Amino acid sequence: MSKHHSEKKGNEQNLPDFEHFLSREEIEIHDKVHVTKVSFSRRTKIAFWFLRIYIAMMIILVIVGFTRV
């Protein structure tokens, strides 16, 4: 194994997965897409909380139903 190859291998272990892939495939030029966090409206957040509560209640009702059988 060459000295250059062993140095590359040591550096790859500290990189995140995508950066690791790029260095392993020896891709030097790539465009990164910047992602911004999506902000939801208050109504959407409330709807999702009600959905979570509904799912939790249905799970509890199914468990109670199975225990009575």
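## Confidence

The protein chain has an average pLDDT of 80, and 74% of its residues score at least 70. The lowest mean, 52, falls in helix 1 (residues 3-12). Helix 3 has the highest, at 97. Where pLDDT is low, the predicted coordinates should not be read in detail.

## Fold and surface

The protein chain contains 3 helices and 0 strands. Read from the N terminus, the order of elements is α-α-α. Helix 3 covers residues 42-67.

Of the 69 residues in the protein chain, 3% are buried. The accessible surface of the chain is about 7200 Å². Carbon and sulfur atoms account for 63% of that surface.

## Nonpolar patch

A nonpolar patch lies on the surface, with about 1200 Å² of accessible area in total.

Phe50 is located in helix 3. Its relative accessible area is 56%, so Phe50 counts as exposed, the cut-off being over 50%.

## Charged side chains

The structure has 1 salt bridge. Arg24 and Glu25 form this contact through their side chains, with an N to O distance of 3.7 Å. That distance counts as a salt bridge because the cut-off is within 4 Å. Arg24 has a relative accessible area of 45% and is partly exposed. Glu25, at 43% relative accessibility, is partly exposed as well. Both values fall between the cut-offs of 20% for buried and 50% for exposed.

## Aromatic rings

Searching the whole structure gives 0 aromatic pairs. One ring does have a charged group over it: the charged end of Arg52 sits over the ring of Trp49. The distance from that charged end to the ring centre is 4.5 Å.

Note on methods: Residues numbered from 1 in each chain as written. Heavy atoms only, no water. Phe/Tyr/Trp six-rings, centres within 6.5 Å; stacked < 30°, edge-to-face > 60°. Lys NZ or Arg CZ within 6 Å of the ring centre and 35° of its normal. Buried < 20%, exposed > 50% of the residue type's maximum accessible area, 1.4 Å probe, protein only. Helix = DSSP H or I, 4+ residues; strand = E, 2+ residues; numbered from the N terminus. Areas by Shrake-Rupley, 256 points an atom, 1.4 Å probe, with all protein chains shown as cover. Patch = residues over 30% accessible without salt bridge, like charges linked within 9 Å, V, L, I, M, F, W, Y side chains within 5 Å. pLDDT = per-residue confidence, 0-100.
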